[in-house]
Structures are given as structure tokens and as C-alpha cells.
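Please look over the structure shown here before reading the points below.

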Amino acid sequence: MNRASQDKLIQRFRIVSRGAGMIVALVGGMVLIGWVGDITELTNILPDYVAMKANTAIAFLLSGIALWLLREDPPTTPLRTTMGRACALLALMLGLLTLAEYVSNIPLGIDEALFRDSQSAVQTSHPGRMAPNSAANFVLLGLALLLADFGHTRWFRPSEFLALTAFGIAMLPFTGYLYGVSSLVGYTHRYTAMAIHTSAAFLVLSTGILFMRTNRGWMQLVTSGGAAGLIMRLLFPLTVIMLVVLGWLRLAGEQAGFYTSESGTSVFVLIRIVLIGAIIAGVARVVHHLERVRDAAQEDLERANRGLEQRVQQRTREVEESNRALVEEVQHRARVEQALRESESRLQAILHGSPVAQFVIDRDHSVISWNRPLEEYTGIKAETMLGTSQQWRAFYPSERPCLADLLLEGEREQMRQWYGSKVTPSELVEGAYEATDFFPNLGDAGRWLYFMAAVIRGPEGDVIGAVETLRDITDRKRAEEARYLDEQRLDALLRLNQMTRASMKELTDFALEEAVRLTKSKIGYLAFMNEDESVLTMYSWSRSAMSQCTVQEKPIVYPVRDTGLWGEAVRQRRPVITNDYTVPSPLKKGFPEGHVPILRHMNIPVMDEGRIVAVAGVGNKDEPYDESDTRQLTLLMEGMWRILQRRRTEDAIRHMRAYLQNVVNSMPSVLVGIDLDGAVTHWNREAARLTGMEEADVKGRDFGDVLPQLQGQLEKVRAAIREGQALENERFGARNSEQDMRFYDLMVYPLIANGTQGAVLRLDDVTSRVQIEEMMVQTEKMMSVGGLAAGMAHEINNPLGGILQACQNIERRTSLDLAKNVEVAQALGIDLGLVHQYLRERGILEFVAGIRSDGARAARIVSDMLAFSRRSTSQMASVDLGEAVETVLRLAANDYDLKKQYDFRNIQIVRDFESNLPPVQCDKTKIEQVLLNLVKNAAQALATRDKTIAPVITVRLAREPRHLRIEVSDNGPGMDETIRRRAFEPFFTTKEVGVGTGLGLSVSYFIITRQHKGTMSVESGPGEGSRFIIRLPFRAEG
Amino acid sequence: MRTVLLVDDEITVRTTLGAYLEDDGLNVLCAASAEEAIASLDRGCRPGVCIMDMRLPGMDGHDAILALHARLPELHFLIHTGSLSYGLTDDLRAIGITEKALFRKPLSDLRPLTDLVRALLTP
């Protein structure tokens, strides 16, 4: 049985145990409810059965709870254990007191403490008192619960025996009930009988207590995985059930009279023999099976052991084999060593007289030779060294073995330990070892030595000492290193030069990291100097410095006179090396808290034409800084500075070029550069906008070809370029591609700077300025008319009044209708009828009518003129211009003069209105007046044209961003330039005398521009018709 | 028949308008200045309507109306002016003069004016 299924089994026992506790507590509880509610079905089960007494029920409730509380193994909480044990103790006490009552026959008053038992209770010796065997069982099981975790030896567990005993005691009345044998139930007149559910509950409780702890006592056997466990789990319950069944069969058969007691006994003995025999056979079979399994396992084990043994023998043979080979090799070695020794003896002789520095030690590491070249290298005389073991003094600051010492001992591991990978077997001398290393203590600044050590053997081949030769390779090493650093630096500068897209900060950061790397430093910084060399501005720190530094709010700007040691490079204007930074110095001014600790430091001034432009520093190299480092740092930083300078110059040029380009492009003028031949060299944005051609399209072409506006000015421009004379503010008009007249100011500047020849053309479109100027003139004129009219009006109107009134009087006083006239005529003896006839026939009445009509016209002129001076008292309102146009066209169609003289009905009216036009803030009457005036003018113009072309008046309404555009155009004869320019001038008219006042258009212009803040213009040419354009703002401003 | 007081410094206006009113059967009293008009009232004249020119030598029409009104509150006023920019002032409105009574020179037809005069004289 494996671990998992055993765990599952134990788990099952635990579930049974917990279930038992709950069932028993439940039974106790139910019976107590029976007692409370007097329910016989709960207390007695059947009416003629004895009741479970109330105390029994309480004891069960307590025991059940105790089992449930104590079931955990090991106990989980002390409180739980204490409470469980308390419950068990109470149940025990209840049993013990009841037993005491039975024994002493003294009622202790506990029997009916809670419930009164019926006087007619069956099988009850004392009312309410539990059966004595029940009491004994509570004592036993209470003890079993208390002692659940108690047990001295592996097998002895009192709890188990107590539970089993209780099981047995309860079994007796239970079988009694089962078989229906009342004597078994145990009732006598002295003792109360055990109730059926009491006995059942005891069976469950004792089983639960047994299953509570499965890893101790006999229960560990029951739950064990082997055959024993199986037998216990299978046979124990089987045997009990079988025996109970057999007992019942026997009893039932006997009662039924199948056999007598004697014969029954023998029959059932036989049956038991058969059954037990069968069980024993079954057990034997199980045991047999298990034995076979075990035997098979044993056999496997033995086989495995045999295999192992064979392998051991094999290994032993192999080891012996290799031992033999080793012995042979050792012998061979000895021979080789012999040969070597001889060769070494020879070598030794050579070395003694060699110019190569060397020393020899004997077997005891004492120096026996210290030759002259070595004396020179180390500065230690042979006399002081010979006979001592102080050879290390020449090379190392503290005592340690030299290569020769290590070789003498033959400790290769030690060699690795002291020299690391620097030491290698010599390629020249067999058995010798060589190494290259730096000795900082030798000479002034340390020395690089190549050294080789070999053992020395005596004539017998035994090791008698070791020799070590040394060669100073410092110069070679230094040269190699310098060459390497030069290469690295040039490579860095090359890369720096290629970082064309990098920012200045990226360049300096890169240079600084390279400087740190080249000088084998840990940290570095770069500060720029101001113009007068008084202030340093920290610009870059190396990454490592940044990561180590914890100074809060690092200062950036350092006045040079406040700087400590690092400012010395500026003050002394040369590199400064401080190899032992810990030595106190009056130059140092200390660090802020959190500063990177500095052990060594070196910095340099970066010079540009004798001026210090920056300070670069590095620090914390493992070895002392030297000339080579200052050289590398200086060259790198000066290279970086040159690259930065070049970059700055380039940036400045690029910036200036972009700036100038921007200036030229942002000018609202057309600027065109041309060379002496007139070919375009520059072309600004405004030029591209005017012509629709980009610089690339026009470069190199003749300016006359790409600026059609300049046709007619070409000769003037060429002459100006030729003679180097500026041409200033030439104003001319030219039609654009839409045939609109545009006005331009042209300037030509010949270029006079060195090396550039040619000129710049500047062309400004001044059309709108010209138009504004024209309009200003008009307004001025009209304002003066208005002022004049205001002063004049009264003086004219009074005489006009007299004239008109006089005419009316003449007409009336010559008429026949007035009685007074007749009266006066009669008095004078005149026939008034004849007088009237005379006046009519001589046309006098017509003259008078003429005077009246001309007088009225003069009055109208005065009134119109006054319109210029009158302040706008008009009513501004939202007006639908479409509707206004329709009103005007209706008025025009009904106008007597138009109908009669200009045949308005024959004119085709075209309406071109944009849809959804917003209303316009304006004075409806005034605008209608303006429009009517324009339509009348158009009709009048159309009357004078060639009759073969159908006359058309087009009224167009269109939306502009902030204006409504009204166009009234006709296909009449149009105007020439002179007339067009004077169209809005007061009193200017092309009509016959008496047809127009010469004020219609100027009043309209006044209404639109002054009163509505709009614009009004006219486009026309001879034979092209005329187009009046009014632009009214959607919202009147101000 | 009631009297119309006609105040105008222009003699042609005075005579032609006076003639027209007389032809209409009205009694016309002419004055060439404000002062003359005031004097006529002081003499005891009691016109029903006054036609007043506004721009007069000496006292102007505006002050004249106020002066005449002070002397003869039941007198109705018509204004007949050559100034196109003239507008009624509030003190004149206060004594009952309305836009209807404002006539601008030159009048090519006098009928509307005489119609109003007659209407005002009719009790």
C-alpha cells in the first residue's frame, strides 16, 4: 500500500470518528428533546421498551461533544482540548455518581434532577436513574476520552482497552434486543435496563473513540498498510457480524423447535468450525501471496547486489592497471629528469655568466646567487641578499614566495594562486615557467618584468634549487600601451567626428566616457570655462560618477577662485596629478556630503589659442596617474573641443541661413534674385504664391518668362541691372490670368557685395492699396459735398419755396375755378375764359409747369447732397438680401421711366443666388435704394448698346467668410478706364443733361462704405459690360 | 373766419404763401420776424394758427413759438423750414406740435399745408 492510499484510509477512519461524535451528540440531543416534549418515540423508541434516561442523554451529548472536540491529532488548540476533556469528565462523573447510588443505595438526587420519570416506567428500578451498565460505560468511555493521547509504550494504550470493554458491555443488551431476549437486556428489580438506542449509541461512541487515534496502540495495526492491517480491517468486523448472526440463527431455530439446545450446540459448533476454518484459509492465502511478493523482491535485491560486486571487481582491476602505468611513468620521469638535470647543469653555468638578471636559491630557499644585472634592477646588493630567504624584498612590499620558490616546491596550485593566469609553462625551456608582471615597487614608477624560473637538479637528479631570470620589459610595455591608447583615442575622436546627428551633450558625454576608459579611471567630469576664465560651469559627469554621487542639488556653476584642488589646473594652466588624494593639502577645500570618494585625481585645462576653454578631470585609477594619462586626456579633450567648435560654427551657419531664408520667405513681397543675364537665382515663397511656380521650376530661367506681370517693364529692369542703378517704386498696372487689373510696385536693387553680381527684384501687389486710395479720394470728395450741401440747403430751399409757391399761385389765379378770379376779371371787364385760353395757347401754363418741375428737381439735388452729411439715423435690422433684390426688381419693373424709356421688360434678369444665405445686418431701405440705383443704371446702359445682342442683367448673391457679396452686372457697352475711375465721383455723369443728377452712385457708395462699413467697387472695360460689386459685412461693426 | 399768423423773413415765401391762404378764404397776418409776430399779439391780434419759419434774423423760430405760446396758449403752430436737417425738439413737442405739422421747403404743392391749417381752425 502506498503512502497516498494509506493517508486516504486514515482519513476515512477520522471521518468515521468525527461522524460518531456527531451521531452520539445528536442522539443525546434528540432524546433530551423527547424528554422536554414528552415524546415517547424519542425517549423509548417503542412503548414497551425502557426509556433512555435524561442523564444518559446528557452524558451522550457531553461524550459526543468531547469526541468531536478531541478528534484532532495532534490537538489544534489548548482551549479545544480543555473543553473536550471537561465534557468527558462531566460524563464520567455522571456515570460514577450513578454507580455510587447503586452501590450505596443512597439516592443522591441526580436521577430526576431535570425530568421527572414516569412512575410506571418499564424496566426501571429507580425512576430516572440510568442503567448500571450504562453508568459503567460512561465511566469507561469518559476515561478513554481523557486518556486518548496517553500511552507509555508502543502498543499499550489504555484508551483502546477502555473503549473495547465498553463496546463489549454495550454489545450484550444490543444483541438482547436483536435476538428479542429480555434476559440479555439486563433488567432486574434492582437494576434498570439499558435502552435500545443507549446500547446502539454506546457501540457508535466506543467505535468513534477507537478510531480517534489511528497511529498509536493497536489501531496502528488496523490502519497499517500490510497484511496485518488488511486482516484486522476485514476479519474483525466479519467475525463479529458472523458470530452475532450465527447466535441469532441458533436461537431462532431453537425457539422454532427445529432442534433442542444440546443438538443445536453441536450443529453450531460444526458450523463455526467450518466458517472459522474458511476464514483461517483466507488469511493463509493472503499471507502466502504476500510472501511470494516479498520473495520476488528479495531475489531482485540479490541480483542487484551481485551486479554491484562485479562492478567493484572491475574497478579494482582498472585501478591496479593504472597504478602499474603510473609506476612506469614515474620510472620514465626519473630517467627524463636525469637527462634534464644534466642539461640544467649546463644551463646553470651559462646563466651564471649571462648578462641577464637572475638569482638562484637552494633547496631551503636561501639565495645562493644574485648576479650583477639583478643588483642593478633591484638596487639590492648581492651581499645583503646572499644566504637569506629575503628575495621577495626585491619585488614585493610584503613577504610572499617568488616564482622560483613556488617552482621549488612544485606547487602548481600555489603558482596559480600567486600569479594567476600570468604564469605559463615556458616554451623555450622545458619544465620552466615564465610570467610577465608589473612591479610597482621597482624603480621610480614601477617596472614591467618578464621572468622565468626553473628548478636546478644535482648530478643525482634530485632538486637542489631553482633559478629565476628576469628581464626588464618596461619600455616595450609602455610603448605598446601608449600605441594602444593612441589608437583608442584616435578611434574615439573618429567616432566623435562621425556623430553628426548627436547633440552637444551626447558628444561631450561620449568623449568623457572615452577619457575615463583611456585613463583607466573610474570617474570623470567636464566643465566649460567662461570668456574671462573666472567661472567654470559643470557640463558632464561620467555615468559612474553620476551613479555614485548622492549630493543633493549638485552645483553647476563654480567661480574659479572658490574652487579647491581641481581649480589648480586653471590657476597653474597645466595638468595637475594628485596620486594620493588622502594626504591633506591646503589647496583642498573639502567635499559636500554624498560626494564620490576620490582616491586619485588628475585634471587638465583644455586650451584654445592660449585661452582655457574647459577643464576635464578623471579620478580613481587603480595605478598612479602619469604623463601618458595627461597626454591622452589632453589630446582627447582638445580633439573633442575642435569637433565641438566646428559643430557650433556649422550650426550657426545653418541657423543663420535658415533665419535669412525665413526672413526672405516671410516677406509679403515677391523677392526674386537674378544674375547679370537675368536668370533667376532665388525665388521666395511669395513669388511662388503669386506665380504658382516653385523655386525648382524657375531657377535658371529668364525672369521675364516666369514673371509675366513684368511684361512692359523688362527694358527698364535690364537697364537698371546693367547700369547698377536702383529702380525704386515703379508703379504699373497689369492684368492677371483672370484678366483682373492688378497694380504693382516694382523695385530693383543691383547687388554690390563681393563676388555676387546681379540684382534683386521686389514686386509688391498694391492693388488693394490703390483701390483704398481711390476710395479715400471719393470719400473725401463726398464729404466735402456733404458739408457744402448742408450749408447751402437752407439758402437754396427758401428761394425754391418762393418759386414753387409762386407757380402754384399763378396756376390757381389763372384758373376759372376760383370765384375771386372771376370777380376780379369782371371788375376789370376781362373775360377770364379768354385769358385762360390765351395762356394755354401761348404755352405759358406749360412754362409755369416747367418751372415747378425744375424747381422740384433742384430741391431733390439738394436733398441728395445732404445725404452725404446726414448722420446715419437709419434702422439696422436683419435683412434677407434675396428678398430685397426681389423688391428692387419689382420696383424697377414698375418704374414709369424705365418702362417707357428703357424697355425694362425686354431685359433678361438672371438671378444667381447662393442657397442658404444668412441675413445681413443693414438698413433695408438704403440697400434697396442702392440696388435700385444699380439696376436702373444697368438698364440705362443697356439701352445705349448694340440692339442685336439680347440685354441681360445678372444679380448674384454669394457668401464670403465675413461678407455677403452682391454683384449687379450687365452686358452693356461698359466703361473705359477713365470713366470707371470716376464712376463714384459726385456730379460725374455720362447721362444726358437732365437724366441723372450725377449723385446716384456716389450716394450708393456712401451708403455702403460709410453707413454699412462695406466695400463697393466696379469692374468694367469697353465692350465688356460692367459689374458692380458690393460686399456687406454680415454683422455691422461698431 | 379766423386769422393765420405767417412768420417768414423771405418776402417771396410770405407773399406767395399768404396769397394762397387768402385764396383759400383765410385771413392772413404776416410778420417778417419773431419780434414783429410777438408785437402783433401784444397789439391784441388773436390768430388761430401760426406758420413759423425756423431760421429767422434776431429771435429764431423756436424761441418765437415758445414766446407766442406763452402769450396765447390756444394758438396752433405749423413749422415751415428750409432746413432739411431740422428736427422737432422736446419742448416744442410738449406744447403739442407733432411731425404732422412739420413742412419742409420747398413745397411744390401747398394743398397739404392749407388743408391742415383749415382743419386746425375748425373748432
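This is a predicted model: local features need pLDDT of at least 70, side-chain atom pairs count only at pLDDT 80 or more; totals for chains, interfaces and linings use all residues.

1. Residues are numbered from 1 along each chain as its sequence is written, and chains are lettered from A and ligands numbered from 1 in the order in which they are written.

2. In chain A, six strands form an open antiparallel sheet in the order 2-1-6-5-4-3 (strands are DSSP runs of E, at least two residues, and helices runs of H or I, at least four, numbered from the N terminus; two strands pair if DSSP finds at least two bridges between them). Its edges are strand 2 (367–370) and strand 3 (424–425), each of which pairs on one side only.

3. Within chain A, strand 4 (residues 433–439) runs antiparallel to strand 5 (residues 447–457), and seven bridges join them; Asp437(A) has Leu449(A) of strand 5 as its bridge partner.

4. Further along chain A, strand 21 (residues 952–959) pairs with strand 22 (residues 963–970) in the antiparallel sense over seven bridges, and a hairpin of three residues joins the two. Strand 22 also pairs, antiparallel and over eight bridges, with strand 24 (residues 1026–1033) of chain A, where Pro1033(A) is the bridge partner of His963(A).

5. Between the chains, 23 residues of chain A are in contact with 19 residues of chain B (C-beta atoms, placed from the backbone, within 7 Å). The largest share of the side of chain A that touches chain B, 14 residues, comes from helix 25 of chain A.

Conventions:
Two residues are in contact if their C-beta atoms, placed from the backbone, lie within 7 Å.
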